[in-house]
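Please view the sequence and the structure together before reading on.

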Protein chains: 2
Amino acid sequence: MIITQSVPTIQLTRGVPADESYPLELLQDCAQSALSGPHALAAMRYGDGFGFLPLRQWLAERYQVTPSEIMLANGSLQLVEFVALGLLVPGDRVLVESPTYDRTLTLLRRYGLVPVPVPLLADGLDLAALDTLARETQPKMLYVIPDFQNPAGTVMSLEKRQALLLLAEQHNLLLLEDAPYRPLRYRGEPLPSLRELAQAAGQGERVFYMSSYTKQISPGVRLGYAVGPAAALAKVARVANDTYISGAFVGQAVVHEFCQRGLLEPQLARLRTLYAPRLDAMLTALDTHLPGTLYSRPDGGFFVSIRLPASVGVAELLPKAAAAGLQLTDGRGFFVNGQEGDQFLRLPFCALTEAEIASGVARLAAVLRG
Amino acid sequence: MIITQSVPTIQLTRGVPADESYPLELLQDCAQSALSGPHALAAMRYGDGFGFLPLRQWLAERYQVTPSEIMLANGSLQLVEFVALGLLVPGDRVLVESPTYDRTLTLLRRYGLVPVPVPLLADGLDLAALDTLARETQPKMLYVIPDFQNPAGTVMSLEKRQALLLLAEQHNLLLLEDAPYRPLRYRGEPLPSLRELAQAAGQGERVFYMSSYTKQISPGVRLGYAVGPAAALAKVARVANDTYISGAFVGQAVVHEFCQRGLLEPQLARLRTLYAPRLDAMLTALDTHLPGTLYSRPDGGFFVSIRLPASVGVAELLPKAAAAGLQLTDGRGFFVNGQEGDQFLRLPFCALTEAEIASGVARLAAVLRG
């Protein structure tokens, strides 16, 4: 297989939604209503650090909590910043999955927090390791992505979710559950979230749940949210207020209109229809071109990850792949100890056509064959 | 004069725009275009930490710089956070006007920076004091609001602006010029900004200029911007990217459409027409009800400030005023050494009718008479 410069480069890099997924016409119409309806003035004014109240009320109903248990921010990543500043102090240890979302590591470190990596297995965290590390490091919090993990693509099993809650109680851990991919399940049945399990066990105070409209509507609305205990949220919202007074209400008001018109569920259904064949294309391409390689087989989300053969490091792979028309992300950024990521590759599939996915994996296989 | 509970409370507290100032119909139309026009997809996608490129390009033309010298953020307050994280290190001293914007003090302190207060006189900073303090404390930066200062309502004279630039050079100070009220001049001629003077003197690198659409369009668009040297902005934008990936592009795209249609100048003219009589009403009421009291006489902006008689402290005044149907802001928050603000009162006038302003000042005078 000869790849020349004339073949367009394929990007297997960032976890971005597909351009064709954005509901632009509906959003135009929602903007019109949001800026003329009963909440238009609220969308223009200053507010508090919790975010645009009508959307908080809508979310409160959806999650069966009170609006004081809902907070909005400019993307859920920013909520990590506010949690770091509002609930933790420099020097606090924070358990993270290894690998984990690289941008969370950056923010934790910015605020002098110490990420402690816990190995991630195919069915979620290595809980025996977590137990030992919690004993050794006395962490305050665990940052965890149970559903279609970024970057690994794994899903935490129900047994592990239940066992994790017991461990959290034992070690007095706050669970920061990041769940942006949770509604994007393309097959199979959803598992209960950690938040739901904790609620059912009367331990709701233990979970600070985050989700986002970034993957559900668009990154440009820049809108994440937290569902959490009111007292902790009040501290976090105070930090938000000190940072930017109030959020970007125009976008929040447009999303509120979108949600309250009942457009979110059809949008999610549309996304599942759009992305499911892309996941299938990715798994088929891996089976075809890289048989015998270890990779995750998720039923949803944005990512599949693979483990490179021990003979190949990501540092040497990236430039070779680029020369072959394939852009990859350096897996080392997802690990607290970067070098551990030298065999790790994250492969996002949502923003590529099935043909691009097939070509991309074929190129990867060709480069790996050397 | 007897004030009973049945008289609605008058709020002389926060610097918020008037509800009737928001161009809701125009924004509806702009949203429609922004989400259907050539930049619609860019408004949906992730971007970089600099903000929505079409608006940066529009601002670059307006300020006669390149887009790499323009950065957007969720309000200009947040730019202070990014500057603190990107250009300064904990322990750095930052000169501030005394009094200054309270929220800036909060952010500087959050990041371990040490605000050093420089007395603010009727025509701007006390430059002799600044010179001495700069020698003593070796500050890295001066945070300054030359036009219609918040909270004092003062304007820095041209002579002081020129002298300040010389001092900045001498002490190697970065000038963080916060200018959200600058376009809201209701009479008289504008003075050149510090940025303009520095540019003319070939010292453009020294000024990091900030403004905002909060007072020009609405707080809900949550959109501030910086004009600054490209190298410093790149560091600041990197912090922004680490914090929230990219900004709230939907709002930024709507504002871009508003600006490029030429709607900003008419909007500013409308604001001046709306607010000028309110400033007049405030000054007339002060002349009428509080003759002999020291207060600023600005030609624009959002605030007049007064100095209370030495016999009255703000701490005792606030509850008495509240009982008389007048909500005031505690002036101590605007001072690094809070107690110095015990005679300081900020009186915002934009979001009140002329009748409310007259009543509010009359109530204040009645309370002060005891």
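Which residues touch the most other members of the largest nonpolar core? In this predicted model, they are L55(A), Y213(A), L328(A), L364(A), Y213(B), L328(B) and L364(B), within a core of 202 residues. A nonpolar core is a set of buried Ala, Val, Leu, Ile, Met, Phe, Trp, Tyr and Cys residues joined through side-chain atoms within 4.5 Å; buried means under 20% relative accessible area (1.4 Å probe, protein chains only). Contact means heavy atoms within 4.5 Å. Leaving aside residues up to four places away in sequence, Y213(A) touches several residues, including L55(A), W58(A), V255(A) and L264(A). Another core, of 70 residues, lies apart from the largest one and has F50(A), A73(B), L107(B) and A226(B) among its residues.

| Interface of chain A and chain B | Value |
|---|---|
| Residues from chain A | 48 residues |
| Residues from chain B | 48 residues |
| Buried area (accessible area lost, 1.4 Å probe, summed over both) | about 4200 Å² |
| Share on carbon and sulfur atoms | 58% |
| Salt bridges (Lys or Arg side-chain nitrogen within 4 Å of an Asp or Glu carboxyl oxygen) | two |

The side chains of R45(B) and D19(A) form a salt bridge at 2.4 Å, N to O.

Chain A averages a pLDDT (the predictor's confidence in each residue, from 0 to 100) of 96, and 98% of its residues score at least 70.

Residues are numbered from 1 along each chain as its sequence is written, and chains are lettered from A in the order in which they are written. Local features need pLDDT of at least 70 and side-chain atom pairs pLDDT 80 or more, while totals for chains, interfaces and linings use all residues, and side-chain values use heavy atoms, without hydrogens and water.

How values were computed: Buried < 20%, exposed > 50% of the residue type's maximum accessible area, 1.4 Å probe, protein only. Buried area = accessible area lost by both parts, 1.4 Å probe.
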